[in-house]
Amino acid sequence: MLKKSATMLLVCAIMGTTPVLSAAGVTAPAASMSATPADKTILANTPEATINALDAALIKSMQGGSRLGYRGRYRIVAPVVQAAFDYPRIASLTLGAYWNKLSPEQQKEFVGVLADYTAATYAARFNSFNGEHFAIVSSETLQSGTEGIFSTFTQRNGKAHRFDYILQKQGGQWRIVNVFADGVSDLALKRAEYTETVQKKGFAALVAHLKAQIAGYAKGSQ
(Lines give C-alpha, C1' and ligand atoms only; values in the text may rest on other atoms or scores of the structure.)
Protein backbone atom coordinates (compact mmCIF):
# COMPACT_ATOMS: atom_id res chain seq x y z
CA MET A 1 0.00 0.00 0.00
CA LEU A 2 1.46 3.34 -1.05
CA LYS A 3 0.20 5.59 1.70
CA LYS A 4 0.65 5.71 5.42
CA SER A 5 -2.24 6.49 7.70
CA ALA A 6 -3.96 9.57 6.33
CA THR A 7 -4.30 10.88 9.86
CA MET A 8 -0.55 10.57 10.38
CA LEU A 9 0.06 12.34 7.08
CA LEU A 10 -2.05 15.28 8.20
CA VAL A 11 -0.28 15.39 11.56
CA CYS A 12 3.08 15.48 9.76
CA ALA A 13 1.83 18.31 7.59
CA ILE A 14 1.07 20.58 10.53
CA MET A 15 3.50 19.36 13.17
CA GLY A 16 5.55 22.21 14.50
CA THR A 17 3.62 24.79 12.52
CA THR A 18 0.45 26.78 12.84
CA PRO A 19 -2.32 24.27 12.12
CA VAL A 20 -3.20 24.16 8.45
CA LEU A 21 -6.84 25.05 8.97
CA SER A 22 -5.99 28.04 11.11
CA ALA A 23 -4.29 29.66 8.13
CA ALA A 24 -7.62 30.16 6.43
CA GLY A 25 -7.69 33.72 7.62
CA VAL A 26 -4.40 34.67 5.98
CA THR A 27 -4.96 37.77 3.91
CA ALA A 28 -1.70 38.00 2.03
CA PRO A 29 -2.18 39.25 -1.53
CA ALA A 30 -1.93 36.74 -4.34
CA ALA A 31 1.39 36.10 -6.04
CA SER A 32 2.46 38.16 -9.02
CA MET A 33 1.67 35.34 -11.46
CA SER A 34 -2.03 34.79 -11.91
CA ALA A 35 -3.94 31.76 -13.12
CA THR A 36 -5.84 32.12 -16.35
CA PRO A 37 -9.61 31.44 -16.40
CA ALA A 38 -8.84 28.15 -18.14
CA ASP A 39 -6.52 27.09 -15.32
CA LYS A 40 -9.16 27.90 -12.72
CA THR A 41 -11.73 25.86 -14.60
CA ILE A 42 -9.37 22.89 -14.73
CA LEU A 43 -8.64 23.05 -11.03
CA ALA A 44 -12.07 23.92 -9.70
CA ASN A 45 -13.86 20.59 -9.47
CA THR A 46 -11.93 17.95 -7.52
CA PRO A 47 -8.59 17.40 -5.77
CA GLU A 48 -7.81 14.79 -8.43
CA ALA A 49 -8.34 17.39 -11.16
CA THR A 50 -5.79 19.69 -9.52
CA ILE A 51 -3.16 16.96 -9.39
CA ASN A 52 -3.94 15.73 -12.90
CA ALA A 53 -3.51 19.26 -14.25
CA LEU A 54 -0.16 19.61 -12.48
CA ASP A 55 1.02 16.20 -13.68
CA ALA A 56 0.01 16.97 -17.27
CA ALA A 57 1.96 20.23 -17.22
CA LEU A 58 5.05 18.48 -15.86
CA ILE A 59 4.89 15.77 -18.52
CA LYS A 60 4.48 18.43 -21.21
CA SER A 61 7.51 20.25 -19.80
CA MET A 62 9.52 17.05 -19.85
CA GLN A 63 8.50 16.28 -23.42
CA GLY A 64 9.55 19.77 -24.48
CA GLY A 65 12.94 19.24 -22.89
CA SER A 66 15.93 21.03 -24.40
CA ARG A 67 13.88 21.92 -27.49
CA LEU A 68 11.87 24.37 -25.39
CA GLY A 69 14.70 25.25 -23.04
CA TYR A 70 14.22 26.44 -19.49
CA ARG A 71 12.15 29.48 -20.42
CA GLY A 72 9.80 27.46 -22.60
CA ARG A 73 9.30 24.87 -19.89
CA TYR A 74 8.75 27.63 -17.33
CA ARG A 75 5.98 29.11 -19.48
CA ILE A 76 4.25 25.72 -19.47
CA VAL A 77 4.42 24.99 -15.75
CA ALA A 78 4.17 28.46 -14.19
CA PRO A 79 0.43 29.15 -14.76
CA VAL A 80 -0.60 25.67 -13.64
CA VAL A 81 1.69 25.70 -10.61
CA GLN A 82 0.34 29.13 -9.64
CA ALA A 83 -3.23 27.84 -9.81
CA ALA A 84 -2.53 24.50 -8.12
CA PHE A 85 -0.79 25.72 -4.94
CA ASP A 86 -2.16 27.90 -2.16
CA TYR A 87 0.88 30.14 -1.84
CA PRO A 88 -0.41 32.61 0.79
CA ARG A 89 -1.19 29.69 3.08
CA ILE A 90 2.08 27.90 2.34
CA ALA A 91 4.00 31.13 2.94
CA SER A 92 2.35 31.68 6.33
CA LEU A 93 2.96 28.10 7.42
CA THR A 94 6.55 28.20 6.19
CA LEU A 95 7.49 31.31 8.18
CA GLY A 96 5.33 30.49 11.21
CA ALA A 97 5.20 33.24 13.83
CA TYR A 98 7.50 35.43 11.76
CA TRP A 99 4.81 35.77 9.05
CA ASN A 100 2.73 38.17 11.12
CA LYS A 101 5.78 40.35 11.71
CA LEU A 102 6.06 41.11 8.00
CA SER A 103 4.41 44.12 6.43
CA PRO A 104 1.69 43.51 3.81
CA GLU A 105 4.22 44.49 1.15
CA GLN A 106 6.76 41.97 2.46
CA GLN A 107 4.10 39.27 2.61
CA LYS A 108 3.14 39.97 -0.99
CA GLU A 109 6.78 39.85 -2.05
CA PHE A 110 7.43 36.56 -0.30
CA VAL A 111 4.32 34.90 -1.74
CA GLY A 112 5.36 35.99 -5.24
CA VAL A 113 8.94 34.81 -4.86
CA LEU A 114 7.80 31.49 -3.41
CA ALA A 115 5.50 30.91 -6.38
CA ASP A 116 8.26 31.84 -8.83
CA TYR A 117 10.73 29.57 -7.05
CA THR A 118 8.35 26.60 -7.22
CA ALA A 119 7.74 27.08 -10.94
CA ALA A 120 11.47 27.53 -11.57
CA THR A 121 12.28 24.34 -9.67
CA TYR A 122 9.78 22.31 -11.69
CA ALA A 123 10.96 23.81 -14.99
CA ALA A 124 14.58 23.02 -14.18
CA ARG A 125 14.10 19.50 -12.87
CA PHE A 126 11.39 18.17 -15.19
CA ASN A 127 13.49 18.80 -18.26
CA SER A 128 13.58 15.57 -20.27
CA PHE A 129 11.24 12.71 -21.13
CA ASN A 130 11.97 9.00 -21.36
CA GLY A 131 8.59 7.35 -20.95
CA GLU A 132 7.92 8.43 -17.36
CA HIS A 133 4.36 8.72 -16.12
CA PHE A 134 2.32 9.88 -13.15
CA ALA A 135 -0.61 7.99 -11.64
CA ILE A 136 -3.01 8.74 -8.81
CA VAL A 137 -3.20 5.64 -6.63
CA SER A 138 -5.84 6.70 -4.12
CA SER A 139 -7.42 9.62 -2.30
CA GLU A 140 -8.82 10.09 1.17
CA THR A 141 -10.77 12.78 2.98
CA LEU A 142 -8.66 13.73 5.98
CA GLN A 143 -11.27 16.08 7.42
CA SER A 144 -13.88 18.39 6.00
CA GLY A 145 -12.26 20.53 3.33
CA THR A 146 -8.94 18.65 3.46
CA GLU A 147 -8.06 15.86 1.05
CA GLY A 148 -5.05 13.59 0.64
CA ILE A 149 -4.05 12.49 -2.87
CA PHE A 150 -1.54 9.65 -3.07
CA SER A 151 0.30 9.21 -6.36
CA THR A 152 3.37 7.77 -8.06
CA PHE A 153 5.90 8.94 -10.61
CA THR A 154 7.26 5.92 -12.47
CA GLN A 155 10.43 5.93 -14.50
CA ARG A 156 10.92 3.91 -17.66
CA ASN A 157 12.92 1.30 -15.72
CA GLY A 158 9.92 0.73 -13.44
CA LYS A 159 11.27 2.55 -10.40
CA ALA A 160 8.42 4.42 -8.73
CA HIS A 161 8.62 7.52 -6.54
CA ARG A 162 5.84 8.69 -4.24
CA PHE A 163 4.25 12.09 -4.58
CA ASP A 164 1.58 12.56 -1.92
CA TYR A 165 -0.38 15.80 -1.64
CA ILE A 166 -2.50 17.54 0.95
CA LEU A 167 -5.09 19.87 -0.58
CA GLN A 168 -7.65 22.20 0.89
CA LYS A 169 -10.69 23.79 -0.70
CA GLN A 170 -10.70 27.53 -1.13
CA GLY A 171 -13.24 29.50 -3.10
CA GLY A 172 -14.48 26.40 -4.91
CA GLN A 173 -10.96 25.31 -5.89
CA TRP A 174 -8.80 22.58 -4.44
CA ARG A 175 -5.26 23.82 -3.86
CA ILE A 176 -2.12 22.08 -2.65
CA VAL A 177 -0.78 23.08 0.77
CA ASN A 178 1.92 20.41 1.12
CA VAL A 179 3.77 17.82 -0.97
CA PHE A 180 5.49 14.69 0.33
CA ALA A 181 8.18 13.42 -2.07
CA ASP A 182 9.07 9.85 -1.11
CA GLY A 183 7.71 10.57 2.36
CA VAL A 184 9.60 13.84 2.93
CA SER A 185 7.48 16.92 3.63
CA ASP A 186 8.35 19.89 1.43
CA LEU A 187 6.66 22.21 3.91
CA ALA A 188 8.78 20.91 6.79
CA LEU A 189 12.00 21.33 4.78
CA LYS A 190 11.14 24.86 3.77
CA ARG A 191 10.12 25.82 7.29
CA ALA A 192 13.39 24.57 8.76
CA GLU A 193 15.53 26.33 6.14
CA TYR A 194 13.63 29.58 5.79
CA THR A 195 13.02 30.30 9.46
CA GLU A 196 16.70 29.73 10.20
CA THR A 197 17.68 32.14 7.42
CA VAL A 198 15.24 34.80 8.62
CA GLN A 199 16.37 34.48 12.23
CA LYS A 200 20.08 34.64 11.42
CA LYS A 201 20.17 36.97 8.41
CA GLY A 202 16.78 38.66 8.12
CA PHE A 203 13.89 38.64 5.67
CA ALA A 204 15.73 40.48 2.88
CA ALA A 205 18.44 37.81 2.92
CA LEU A 206 15.85 35.05 2.54
CA VAL A 207 14.26 36.75 -0.47
CA ALA A 208 17.69 37.36 -2.00
CA HIS A 209 18.59 33.71 -1.47
CA LEU A 210 15.45 32.48 -3.25
CA LYS A 211 15.93 34.92 -6.12
CA ALA A 212 19.52 33.73 -6.51
CA GLN A 213 18.32 30.14 -6.72
CA ILE A 214 15.75 31.11 -9.35
CA ALA A 215 18.45 32.86 -11.36
CA GLY A 216 20.67 29.82 -11.00
CA TYR A 217 17.96 27.57 -12.42
CA ALA A 218 17.47 29.90 -15.36
CA LYS A 219 21.19 30.11 -16.07
CA GLY A 220 22.05 26.47 -15.51
CA SER A 221 19.11 24.76 -17.21
CA GLN A 222 18.70 24.20 -20.94
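## Aromatic cluster

Ring pairs join F85, Y87, Y122, F126, F134, F153 and F163 into a cluster. To pair, rings of Phe, Tyr and Trp (its six-membered ring) need centres within 6.5 Å; planes under 30 degrees apart count as stacked, over 60 as edge-to-face and the rest as tilted. In total, the structure holds 12 aromatic pairs.

## Ground rules

This is a predicted model, where local features need pLDDT of at least 70 and side-chain atom pairs count only at pLDDT 80 or more, while totals for chains, interfaces and linings use all residues. Residues are numbered from 1 along each chain as its sequence is written, and side-chain values use heavy atoms, with hydrogens and water left out.

## F110 and its two partners

F110 and Y194 pair edge-to-face, at 6.3 Å centre to centre and 85° between the planes. F110 sits in helix α5 and Y194 in helix α6, so this pair ties together parts 84 residues apart in sequence. Helices here are DSSP runs (H or I, at least four residues), as are strands (E, at least two), numbered from the N terminus. Both F110 and Y194 are buried, meaning under 20% relative accessible area, with exposed being over 50% and partly exposed in between (1.4 Å probe, protein chains only).

F110 also forms an edge-to-face pair with F203: 6.3 Å centre to centre, 65° between the planes. Since F203 lies in helix α7, that pair ties together parts 93 residues apart in sequence. Both F110 and F203 are buried.

## The main core

F110 turns up again in the largest nonpolar core: of its 53 residues, F85, F110, Y165 and I176 touch the most other members. A core like this is a set of buried Ala, Val, Leu, Ile, Met, Phe, Trp, Tyr and Cys residues joined through side-chain atoms within 4.5 Å. Elements giving two or more residues to this core include α3 (47-84), α5 (104-125) and β3 (160-170). The largest share, 15 residues, comes from α3.

As for Y165, its contacts (heavy atoms within 4.5 Å) include I51, L54, D55, I176 and V179, leaving out residues up to four places away in sequence.

## α6 against α7

How do α6 and α7 pack? Their angle is about 130°, with the axes 7 Å apart. Axes are lines fitted to C-alpha atoms, for helices over the stretch in contact, and angles run from 0 to 180 degrees between N-to-C directions. The two helices are therefore oblique to each other; under 35 degrees would count as roughly parallel, over 145 as roughly antiparallel and 65 to 115 as roughly perpendicular, with the rest oblique.

On the α6 side, E193, Y194, T197, V198 and K201 meet F203, A205, L206, H209 and L210 of α7.
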